[in-house]
Structure formats: C-alpha cells, structure tokens
Amino acid sequence: MITAVIECTCTKCSITLADGKAKLKFQCGCEDCRQALQYGHSHGGIKPDPLPELFYMASDIIEVRGKESMKALQLRDEDPDILGMSTRIYCTECYSIIGVDHPIYEDNVFLNFPKHCRNTGDLSVPLTAYVNMIDYTEKIGPLPTEDVPLFTTGRFQQELDRIFSIPVVADTFKPRELPLEGITLSQLIQDLGPVTLLGLEKGKVLI
Ligand SMILES: [Zn+2]
Ligand SMILES: [Zn+2]
C-alpha cells in the first residue's frame, strides 16, 4: 500500500494515511456539503464548486500533525435528515476541511474534498454517481453531464438499496475488515475534544 498525505492549504495541519488509494468518488449536490464549504470559504478557505467532488479514503491515519489547529464542527444541533450528521475537521487557520465523518461510513472510510485540502493520494478512481441531487438546481450550477447513475436522496430505503447495489459502494460503506495501522478519523475527532455546533440554518447560502 502507498501512503498519502492530506494537508490543509496553510500547511499547519496534515494527516498521513496508511492506504492512500481513494476507494470511491461521488459528486454531491447536498446543501450541507455546499454550506460546509461555503462556511470554510467565508473564513478564508478555497471557493467551492457548485457540485463538489468527494473522495472516500480508508480511515487509517498513521500520523497527525498540527492537531492544535484542528477543530471538529457540525453545521447545527439536530438535523431532520434521518441519516444523521456529518462531523468535519477544519483547520482553524485556513479553514480547509481535512476530513468528514458520518455514521454511514461505518468508520471504514472518511470523506475528503481534494479541491479544499491537498491530497497526495491516488485519486484515479472514476466517478461512480451523483448523489443527493434533490438539493441541486440549475440556479446553483451547471447540470451534471457524466453518464453515471444519479441519486436524489438517501431518505428512502428503495433508493439506498439501489445505490448499495453498486459493488464499489457496498464495498466502501461497510465495517472495516483489515486491522488498523493507526487511528480512524472518528478517533481523531474524539481526540480533538467537544464538537462545536455552528447553529447554521439548514439550506442557508453563506456566500
Ligand atoms: Zn490550515
Ligand atoms: Zn453532500
């Protein structure tokens, strides 16, 4: 396995991954990804794309640098989305998002936006799907053009079943099989102390 480093743009924070090959790539239309990236941008982070690219990396972190500049944030206290909340680690200097944890990732993987945080990993995995497109319109950005499956929401079991019928998706969102060499992203989030709730209104555009 080849390691990878994920480093924020100001270079104060980085994590090194035991396995640097991305397992899965989505583009996500959800308002929460957009809002979280807009929040970062409003604090000096890189300007987000309307339909950001997400890569899922194996959650096995063998080195953490700059923990004192990392903070775990959630957008708001509770979410009507039955899938639960994402917790995002930001650099408190440059507001890059280092990684994102969500209960559905089962601690096997975490999410990274390579546009917003340098990722030296192997990101050659092709786009598998557009997801959460219920929140996305042509007012937000160009309509998707790649000929891959498109999913609107994870709210309905039928749609979840359809996305999990894609082998690479089922293989990514499942409990870990190999022993860890380091720690998971959720363990890193625990190490960072209490999660800060931003109290942002759901769907509110910040930039
Ligand atoms: Zn930084
Ligand atoms: Zn999203």
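The legends below describe several views of a predicted model of one chain.

**View 1. The whole chain and its overall dimensions.** This is a predicted model, in which local features need pLDDT of at least 70 and side-chain atom pairs count only at pLDDT 80 or more, while totals for chains, interfaces and linings use all residues. Residues are numbered from 1 along each chain as its sequence is written, and chains are lettered from A and ligands numbered from 1 in the order in which they are written. The chain has four helices and twelve strands, where helices (H or I, at least four residues) and strands (E, at least two) are DSSP runs numbered from the N terminus. Its radius of gyration is 16 Å, close to the 17 Å that the globule rule gives for 207 residues, so the chain is as compact as a globular protein of that length; the radius is taken over C-alpha atoms, and the rule is 2.2 Å times the number of residues to the power 0.38. Along the principal axes, the C-alpha atoms fill a box of roughly 40 × 35 × 30 Å.

View 2. Leaving aside residues up to four places away in sequence, I97 touches, among others, A36, G40, F113 and H116, a contact being two C-beta atoms, placed from the backbone, within 7 Å.

**View 3. The loop that holds I183.** I183 is found in the loop between α3 (167-172) and α4 (185-191), and it is partly exposed, with 17 other C-beta atoms within 10 Å. Not counting residues up to four places away in sequence, I183 touches I61 and L188.

**View 4. Strand β11 and its partner β3.** Four of the five residues of β11 (residues 127-131) are buried, so this strand is largely enclosed by the rest of the structure. Strand β3 (residues 24-28) runs parallel to β11 and is joined to it by four bridges, with V131 of β11 as the bridge partner of C28.

**View 5. An open sheet of four strands.** The strands follow the order β5-β2-β1-β10 with antiparallel pairing, two strands being paired if DSSP finds at least two bridges between them. The edge strands, β5 (61-65) and β10 (118-119), each pair on one side only. Strand β1 (residues 4-7) pairs with β10 over two bridges, and N119 of β10 is the bridge partner of I6.

How values were computed
Buried ≥ 20, exposed ≤ 12 C-beta atoms within 10 Å, placed from the backbone.
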